[in-house]
Amino acid sequence: MPMRYSFGGDEHLFVECSEDMSLEAFFNSLSMTTGIKEAGIKGVTEICPANASFQIKFDPDVIHPDDVLSEVKAIEAAATKAEPVITTRIVEIPVFYNDPWTHETLMRFRERHQDPTGTDLDYAARINNYASVDEFIRAHSGSPWFVSMVGFVSGLPFMYQMVERKRQIQVPKYLRPRTDTPRLTVGHGGCFGCIYSVRGAGGYQMFGITPMPIYDPTQQTSYLKDFMVFFRPGDIVKFKPVDRDGYDQAVEDVDKGRFAPPIREVRFDLREFQNDIDGYNAKLEGVLNGH
Amino acid sequence: MAIKVIHPGLATTVQDLGRPGYFHLGIPEGGAMDRLSLKAANLLVGNDEGAAGLEAVFIGPKLEFTRDAMVAVTGAEMPIKVDGVEQPGWTALAVKAGQVLTFDFLKGGARIYIAVSGGIDVPTALGSRSTYPIGALGGFNGRAIAAGDELPVGEARKATEGKSIPEALRRRPGMPAELRVVPGLYWHRISEQAGRNFFEDEWKVAPEADRMGYRFRGGRPLDFVPREQPFGAGSDPSNIVDSCYPYGSIQVPGGTEPIILHRDAVSGGGYFMIGTVISADMDLIGQMQPHTPTRFVKVDIGTALQARKDRAALLGQIKALF
């Protein structure tokens, strides 16, 4: 499918790589935005990759919108032929599923939910045909996730589950958005997982909470001293279930500046991944675990 | 070297011209909603046009100056008082150490800009002093100012007391307010009739209107071109696979109430957008109160670029005064 170009007023060019979400669409978006960055088009001030689309902002006093359009279109042919291979990071994120804080919050906003009688985990497990919440959590933490967009607010990652489409977890958003979500809630809406970087409004189903800060404007957190936002598009995430003790220990480690999330550099090849998803994911996990 | 906050107003924040460059991480550019008014206020007190000032919405703060300073208030119409004596807006006012700046009730517009010679000298965060409260970033400790705060002020430069910006060079939304919009983005998702209705109907600013976005009510709901929803988009016809949102873009969740994203925009999400307010009209939104009747006017890119030139020319006329 050809890319669709549209101006967002006189300062933005919006490009949709695909209407549907897929890793191919994300890689097209990523290689386009990388190509645009490398082209160094004068007047371009922001390049924002998204799940299956991207956006660039430009200064129309410096470059005419039509010239931005033609320069970006000129990159399309090369970018879509680019090898779908990236060197990226794989990171392990501890998650306390079914934690008391998201539980308190989901009970507080129960009347805004599709199923007021259960929890978000009960609901997600049921509509995705899992026999139990435990089985659902095993699926959620069993495969890695691709960070396909960073945004909404303050470094929030949108994550795409790295399994065949038929196995992907899908849930609707709340019927009406909540006005509150605990900071570092692990949520899910549509086909996307997320981690709420800050406390605030939200509509995604809530499954658990991570002790690992992913945004720190004070830059005190040990691994956020260089930059206040942890995630970058293209990162790969593996969730690791922890219990209350594990959660409390990690929170203490974060506070004392000694929490270090396991992070490894890894080469990801989309074609090899698609040839053998489970095998490839097992290899990724091996890299994470240092073998 | 400080301003003491006696009363903060409703939501008064330190703002400059923003921090472009981090929208791809969900950190919006922020900065004054009505940039022209902030620039004018800064020029009046001898600052660079992009110095940090205070943006106060609906209710002005009560501030005590601990040293002599040149002060200017621009933007919304709100009676200005120094030690209880009314002073003109859009004018350089010499305030003495110990004097108190207060405001009466808002008469028109929505946001005032208070510039002080030397600028509000809070530390920069990612290159800007603008406050982004959602991310606890920038401004005074990452939040709106509060009673008891002491705001640091920079080194003053020369300014002329009594200097004023003439009425003709101040820009305010009309009645009804008219916002020019370039249709696009996911415009194709609504029916032709809905597209016509959107521009024909009179809308009103809803109470949910802030630095992140302005919601509108009162027009006819938009109906959609039927389609099978794409994978990952969500089930509502107004859903898309989460994408970036341009500043000024108009999303219409459920097809009912349009929301224009402003300076503290969320950087992306899963609602379709039908177009974008042109850059020249973004300032006007910052001066619209809830219930303001509003018309959206369809324009093309050529008109948007001309309007941008006109706005730059207006700023040029203001600068020529100094």
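This is a predicted model: local features need pLDDT of at least 70, side-chain atom pairs count only at pLDDT 80 or more; totals for chains, interfaces and linings use all residues.
When neighbours within four places in sequence are left aside, F231(A) is in contact with R89(A), V91(A) and I93(A), with V147(A), V150(A), G155(A) and P157(A), with I195(A), I214(A) and V237(A), and, in chain B, with L25(B). In soluble globular proteins, nonpolar side chains tend to be buried together.

In chain B, five strands form an open sheet with antiparallel pairing, in the order β2-β3-β10-β5-β8. Because β2 (13-15) and β8 (93-95) of chain B stand at the edges and each has a single partner strand, one side of each is left without a neighbour in the sheet. From one strand to the next, the twist averages 35°. Within this arrangement, β5 (residues 69-77) and β10 (residues 108-116) of chain B run antiparallel and are joined by six bridges, and E77(B) stands opposite G108(B) in β10(B). Helix α1 of chain B, residues 35-44, packs on the sheet and touches β2, β3 (53-57), β5 and β10 of chain B, its direction making about 155° with that of β5(B).

The domain assignment of chain B gives domain 1, covering residues 2-169, and domain 2, covering residues 177-318. The C-alpha centres of domain 1 of chain B and domain 2 of chain B lie 28 Å apart, and the contact takes 33 residues from domain 1 of chain B and 26 residues from domain 2 of chain B.

A search of the whole structure finds zero disulfides over all chains. For C17(A), the closest cysteine sulfur is that of C244(B), and because the two sulfurs are 10 Å apart, they are too far from each other for a bond, the cut-off for a disulfide being 2.5 Å. C194(A) is likewise in no disulfide, the nearest cysteine sulfur, that of C191(A), being 12 Å away.

Key
Residues are numbered from 1 along each chain as its sequence is written. Chains are lettered from A and ligands numbered from 1 in the order in which they are written. Side-chain values use heavy atoms; hydrogens and water are left out. Contact means heavy atoms within 4.5 Å. Two strands pair if DSSP finds at least two bridges between them. Helices (H or I, at least four residues) and strands (E, at least two) are DSSP runs, numbered from the N terminus. Axes are lines fitted to C-alpha atoms, for helices over the stretch in contact, and angles run from 0 to 180 degrees between N-to-C directions. Domain bounds come from an automatic or database domain assignment.
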